[in-house]
Amino acid sequence: MEALGAPLRTLRALLRELRHAAGRSYRDSPAYRHVLAAFRAHRVTTEKLCRAQQELHFQAATYLCLLRSVREHEALHREYHGKGERSPQEVARLVGFRLPQQPRGKG
Amino acid sequence: LSRPPPAAAGSCLVGPCGRRAYAPPAERKRFYQNVSISQGEGGFEINLDHRKLKTPQAKLFTVPSEALAIAVATEWDSQKDTIKFYTMHLTTLCNTALDNPTQRNKTQLIRAAVKFLETDTVCYRVEEPPALAELQKNEWDPVVTWAEKRYNVTIGSSTSILGPNIPASTKETFVSHLASYNMWALQGIEFVITQLKSLILSMSLIDRHITVEKAVLLSRLEEEYQIRRWGNVEWAHDYDLCELRARTAAGTLFVHLCSESSSVKHKLLQD
């Protein structure tokens with residue numbers, strides 16, 4: 001499938017996404033090791049159109065899409081939908097009003 | 001429809017339930033340090049510290065594929081301070097497969113999937129504006145043709161409000177094709193179809209004919225056309241786009257991981 005591009009590019013992008021997801025010890029994470037092992041195992045083939053290789057590449061590209069989309073979606077959510085309502089003080093400040101001072105104490 | 005026990009509100013710990021029967025809380029604090037995988041009797045299990053992950057209906061969380069277990073573990077491990085359940089699509093799919101909250105059997109799932117063909121997005125065409133009609137013809141015709149050739153069926157397309165007239169033989173072909181998938185994979189397939197609003201695009205994706213990005217683009221063709229015309233609104237368009245991509249990618253990966261049997265075939269070296 002030409003639309004996928006080079007497997008190496010997909011692999012690099014996928015490993016980068018895994019690094020974002022995992023944090024410090026990303027190289028020891030099971031996902032990182034599994035992906036590397038899978039790519040190494042399928043590297044040795046004499047056929048150009050090896051079906052298993054194509055299947056692996058498609059799977060890797062799909063997983064890459066998943067990780068990337070989740071990260072982007074979360075970023076958009078934080079940016080636009082995560083802030084909640086403004087407090088009355090903030091709203092007043094926005095439009096230039098002053099809130100009335102409520103008298104304290106009894107009465 | 002038997003309701004799940006009221007105590008099983010969260011994904012693994014028993015807690016008070018003040019919400020709908022099968023809805024986990026939207027967010028809660030990350031309460032575990034380490035995520036690991038172990039192999040049990042029924043398959044692969046996820047461990048959060050020393051606790052075993054359970055489904056919302058308090059069943060033990062077991063998956064048949066190691067790769068799937070690793071991906072689920074990665075989802076749990078990538079949560080930072082709070083656990084955002086709405087981003088954990090693979091976990092949700094596994095929970096659905098294990099609990100089957102809608103209590104559908106294989107036949108019902110297949111019927112729901114094939115029913116989508118009658119209102120398949122790529123078969124529903126507009127007549128105007130002409131630019132959109134042209135775009136639909138150029139982008140969707142190839143996929144329909146591919147499906148017709150691959151499955152040896154007649155599908156066609158329609159501009160009528162009633163939609164295309166799908167012959168019974170076409171439906172039967174898809175029913176028997178989907179019957180070859182196991183129950184887990186079928187949950188995934190039905191999920192992808194519901195997201196993309198198209199059986200044809202879903203099969204095209206699952207048969208690896210197009211990528212996830214392309215399938216999502218084709219599913220949102222009219223929206224993309226309107227965006228190009230009137231402009232993009234990041235907090236709505238991109239938000240929906242990323243969410244649809246994430247869900248579709250998760251569903252596709254889920255289907256492939258649940259229906260594969262990995263075996264490395266060694267070719268004989270030729271002298």
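Which side chains meet in a salt bridge at 3.1 Å, N to O? They are the side chains of B:Asp77 and B:Arg30, where a salt bridge is a side-chain nitrogen of Lys or Arg within 4 Å of a carboxyl oxygen of Asp or Glu. The model is predicted, so local features need pLDDT of at least 70 and side-chain atom pairs count only at pLDDT 80 or more, while totals for chains, interfaces and linings use all residues. Residues are numbered from 1 along each chain as its sequence is written, chains are lettered from A and ligands numbered from 1 in the order in which they are written, and side-chain values use heavy atoms, with hydrogens and water left out. The predictor gives the complex an ipTM of 0.86 and a pTM of 0.85.

**Confidence**

- Chain B has a mean pLDDT of 88, and 86% of its residues reach 70 or more; pLDDT is the predictor's confidence in each residue, from 0 to 100.
- Among the elements of chain B, helix 8 has the highest mean pLDDT (97) and strand 1 (residues 27-29) the lowest (84). Helices (H or I, at least four residues) and strands (E, at least two) are DSSP runs, numbered from the N terminus.
- Residues 1-15 of chain B have pLDDT below 50, and this stretch has 36 contacts in the model beyond near neighbours in sequence. Contact means heavy atoms within 4.5 Å.
- Residues 263-271 of chain B also stay under 50 in pLDDT, and for them the model has two contacts beyond four places in sequence.
- Where pLDDT is low, the predicted coordinates should not be read in detail.

**Interface of chains A and B**

- The contact involves 27 residues from chain A and 36 residues from chain B.
- About 2900 Å² is buried between the two chains, and carbon and sulfur atoms give 69% of this area. Buried area is the accessible area (1.4 Å probe) that two parts lose on being put together, summed over both.
- One salt bridge is counted between chain B and chain A. A:Glu55 forms a salt bridge with B:Arg208, with the closest N and O atoms 3.7 Å apart.
- On the side of chain B that touches chain A, at least two residues each come from helix 1 (66-77), helix 2 (89-99), helix 8 (212-219) and helix 10 (234-259) of chain B. Helix 10 of chain B gives the largest share, 14 residues.
- That side of chain B has 17 nonpolar, eight polar and 11 charged residues. Ala, Val, Leu, Ile, Met, Phe, Trp, Tyr, Cys and Pro count as nonpolar, Asp, Glu, Lys and Arg as charged, and the others, Gly among them, as polar.

**Buried residues of chain B**

- B:His256 is in helix 10 of chain B and counts as buried at 6% relative accessibility. Buried means under 20% relative accessible area, exposed over 50%, and partly exposed in between (1.4 Å probe, protein chains only).
- Not counting residues up to four places away in sequence, B:His256 touches A:Phe58, A:Gln59, B:Leu205, B:Ile206 and B:Arg208.
- B:Ser202 belongs to helix 7 of chain B and is buried at 0% relative accessibility. Beyond four places in sequence, B:Ser202 touches B:Val192, B:Ile193 and B:Leu196.
- B:Thr211 lies in the loop between helix 7 (199-206) and helix 8 of chain B and is buried at 12%. Its side chain reaches the backbone nitrogen of B:Lys214 at 3.2 Å.

**Salt bridges within chains**

- Over all chains, the structure holds 14 salt bridges.
- A:Arg71 pairs with A:Glu17 in a salt bridge, the closest N and O atoms being 2.6 Å apart. A:Arg71 is in helix 3 (residues 51-81) of chain A and A:Glu17 in helix 1 (residues 7-22) of chain A, 54 residues apart.
- A:Arg71 is partly exposed at 37% relative accessibility, whereas A:Glu17 is buried at 6%.
- The side chains of B:Asp77 and B:Arg30 meet in a salt bridge. B:Asp77 lies in helix 1 of chain B and B:Arg30 in the loop between strand 1 and strand 2 (35-39) of chain B, so the pair ties together parts that are 47 residues apart in sequence.
- B:Lys115, B:Glu118 and B:Lys171 are linked in a network of salt bridges.

Notes. Polar contact = N/O pair within 3.5 Å; in protein donor to acceptor, adjacent residues only side chain to side chain.
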